[in-house]
Amino acid sequence: MLPEVLGNFGGLRLDAAVVSCTGSHYLLTPEGDRALCAELSERVGAPVRSAALAILDTARAVGAERLVLVSPYEPWLTELSHAYWESAGLTVDRVVKIRAGERFSPYDVTTGELVAQVREAELPEDATLLFTGTGMFTFDALAELGRDSGRTLLTSNLASAWWARDTLGLPADGPDAHPLLRRLAEKTGGRDGAPGPAAVAVS
């Protein structure tokens, strides 16, 4: 299905694409994920990355080797996520399970719930936090949590945006970049580039 979706942009030439779904890619393992994205890249004629691989690229760029996984998933999917990162060579030191009320429901987690539950976890100041899942609303929460400390904060969507800009040679610290991207740029050294190419996120 993905090749067909990526081929349905008519006359719009894609310079890069991100598949914005992490859950299904956990099942592939990192090796299988890379193989799929390599196949898609060849068929599309442009770099294609899954959100999960974009996270790995970003984690490496900031020098992260250990993660605290902040997960709104049901426990079985959190376990798949945990296994994916460990298989990729990252150490998951801790899992913070995020609930929407009493339920696990990524799309229903409020900013207040996310911020409160992360703060209640009393995480180390030097921890790298990965807020997994493309469906959880994280921008406002990360902006607030970012004022608490200098921790590295990663999300599926943030990493996807960072990878796309980096791949296209667009500066992550440019005036049009989101403040969270600029924060990442400080940790990766940023990257200079010229505007122009088009990227797309495919859900």
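**Notes on the helices and strands**

1. Let's start with a meeting of two helices: L158, A161, W162 and R165 in α8 touch L180, L181, L184 and T188 in α9, where contact means heavy atoms within 4.5 Å. By type, the residues of this contact are six nonpolar, one polar and one charged. Helix α8 spans residues 156-168 and α9 spans residues 179-188; their axes come within 10 Å and cross at roughly 65°. That crossing is right-handed.

2. A word on the source: this is a predicted model, in which local features need pLDDT of at least 70 and side-chain atom pairs count only at pLDDT 80 or more, while totals for chains, interfaces and linings use all residues. Residues are numbered from 1 along each chain as its sequence is written, and side-chain values use heavy atoms, leaving out hydrogens and water.

3. Now look at strand β6 (residues 152-155), which is covered on both faces. T152 and L154 on one side, and L153 and T155 on the other, are all buried, meaning under 20% relative accessible area with a 1.4 Å probe, protein chains only. β6 pairs in the parallel sense with strand β5 (residues 128-131) over four bridges; pairing takes at least two DSSP bridges. In this pair, T128 is opposite T152. Between β5 and β6 the chain passes through helix α7 (residues 139-145), a right-handed β-α-β crossover.

4. Finally, which residues of helix α6 (residues 111-120) are buried? They are L114, V115, Q117 and V118. Their cover includes β3 (66-71), β4 (91-97), β5 and α7. Just after α6, E122 has a positive phi of about 50°.

Terms used:
Axes fitted to C-alpha atoms, helices over the stretch in contact; angles between N-to-C directions. Left-handed = near helix turned anticlockwise from the far one by under 90°. Nonpolar A, V, L, I, M, F, W, Y, C, P; charged D, E, K, R; others polar. Buried < 20%, exposed > 50% of the residue type's maximum accessible area, 1.4 Å probe, protein only. Right-handed = clockwise from strand over helix to strand, strands pointing away.
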